[in-house]
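Subject: Structure handover

Dear colleague,

Here is the structure for your files. My notes on it follow below.

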Amino acid sequence: MTISPIFVFLLFYFCGVNIHQKYILRCIELAKKGLGTTAPNPMVGCVIVHQNTIIGEGFTDPYGGSHAEVNAINSVADKELLKEASLYVTLEPCSHYGKTPPCADLIAKYRLKEVFIGLQDPHDKVAGKGIQKLKEAGCKVTVGILKEQCREHHKRFLTFQEKKRPYIILKWAESNDGFLAPEKSLRNSNPEPFWISNPYSKQLVHQWRSQEQAILVGTRTVLEDNPKLTTREWSGKNPVRVVLDRDLKIDADHHVLDKSEQTIVLTSVDDASKYVEGVNYEVIDFSQSLAQQICEVLHQHDITSVIVEGGAQMLQTFINAHMWDEARVFKGIIDFKKGLPAPRLQGTLQHQEQILTDTLSIYRND
């Protein structure tokens, strides 16, 4: 991709962006192409520059595939230029063997003269070892370019590594007068979702599902709505379905147990004879902190991000435990007058927009 000289000038003139920051910004832009596909690996972007010209670019392949640095190096037509080139990357190159060889070794092999890194990788198998390998190979290494922007970009991976839990997104839709659902007398007898938000908001929610690794709901939500929890309104990978079902009240006729997608059921029932074949069951202690235990189970399953979609009790459980990172709240135009009250939280409003008749507010737990 050719970056417009006018765009570069405007960055330099109005934002005080230097040349190294410009290339890290491009790395972040590239890295976003991996959203929803790379986890539990981080979505990394990489740019290779020779004499102020980008000669190679790459981002992380879907999990199990090549890393950003490998793709960027492979995209360079004339490999002889690499020994006089600089490499820019959002996160420290890995230094260990996993599903792929160490990226630091490949960079050292081609003898790139300079490496500019947004963030040091906190993963215990990397944590500065990649930087050390590069320095020992003769590379000049600079760390911390646009550090805060890179931290924001890698928020899922960093939360998983540093807090030992997934990045938690709370999501709900509430009526104009603050209810999640009307009283039961206003609902159909057959289990089905009661839509507060409009079809465009619904499609956006399905896009969000394609971007995160898992989606979490409680027993009541499944029994009352019988949701599929898929991305059927958007093109993308379906999330892992995580269901809280203390006493195994949900039977195999419900969509979440149809075995079409990976599903984890959290229960108190330690009796495999009552489990649905093909569904993963995890036993937890419902007398202890549920939010903490749910996060521990998801961490064990290498799930780096989760959308908590309901119901009200589930959402409030995470709010009360102060274990959430974002809340995405739709407010519709319908009034229920009576019903199930929406959760209440304290957070910093980061963004607000209109989606036709709906108001979307995004909060951060700072």
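How many salt bridges does the structure hold? The structure holds 20, where a salt bridge is a side-chain nitrogen of Lys or Arg within 4 Å of a carboxyl oxygen of Asp or Glu.

Before the details, two points on reading them. This is a predicted model, in which local features need pLDDT of at least 70 and side-chain atom pairs count only at pLDDT 80 or more, while totals for chains, interfaces and linings use all residues. Residues are numbered from 1 along each chain as its sequence is written, and side-chain values use heavy atoms, with hydrogens and water left out.

Salt bridges

Among the pairs is Glu162 with Arg151, with 3.0 Å between the closest N and O atoms. Glu162 belongs to helix 7 and Arg151 to helix 6 (residues 147–153), so this pair ties together parts that are eleven residues apart in sequence. Helices (H or I, at least four residues) and strands (E, at least two) are DSSP runs, numbered from the N terminus. Glu162 is partly exposed at 43% relative accessible area, and Arg151 is partly exposed at 30%. The terms are set as follows: buried is under 20% relative accessible area, exposed is over 50%, and partly exposed is in between (1.4 Å probe, protein chains only).

Glu152 and Arg364 form another salt bridge, at 3.2 Å from N to O. Glu152 lies in helix 6 and Arg364 in strand 16 (residues 358–364), so the pair ties together parts that are 212 residues apart in sequence. Glu152 is partly exposed at 35%, whereas Arg364 is buried at 18%.

In the pair of Lys331 and Glu174, the closest N and O atoms are 2.7 Å apart. Lys331 is in strand 13 (residues 326–331) and Glu174 in strand 6 (residues 167–174), so the link is between parts 157 residues apart in sequence. Lys331 is partly exposed at 29%, and Glu174 is buried at 7%. Salt bridges with shared partners also join Glu152, Lys155, Glu326, Arg328 and Arg364 into one network.

Nonpolar cores

A nonpolar core here is a set of buried Ala, Val, Leu, Ile, Met, Phe, Trp, Tyr and Cys residues joined through side-chain atoms within 4.5 Å. The largest core has 41 residues, of which Ile48, Leu87, Tyr88 and Ile107 touch the most other members. Helix 2 gives the most to this core, with five residues. Beyond its neighbours within four places in sequence, Leu87 is in contact (heavy atoms within 4.5 Å) with residues including Cys46, Ile48, Ile107 and Phe116. A second, separate core has 32 residues, including Ile168, Leu216, Ile294 and Ile319.

Helix 8

Helix 8 (residues 199–211) has 13 residues and should span 18 Å at 1.5 Å a residue; its end C-alpha atoms are 19 Å apart, which agrees. The expected span is 1.5 Å times one less than the number of residues. Among the buried residues of helix 8 are Leu204, Val205 and Trp208. Asn198 caps the N-terminal end, with a side-chain oxygen 2.9 Å from the backbone nitrogen of Tyr200.

Cysteines

Taking a disulfide as a pair of cysteine sulfur atoms within 2.5 Å, the count is zero. Cys27 is in no disulfide, as the nearest cysteine sulfur, that of Cys46, is 5.9 Å away. Cys27 is buried at 0% relative accessibility. The sulfur of Cys103 is 3.7 Å from that of Cys94, its closest cysteine sulfur, which is too far for a bond. Cys103 is buried, at 1%.

Regards

Notes:
Polar contact = N/O pair within 3.5 Å; in protein donor to acceptor, adjacent residues only side chain to side chain.
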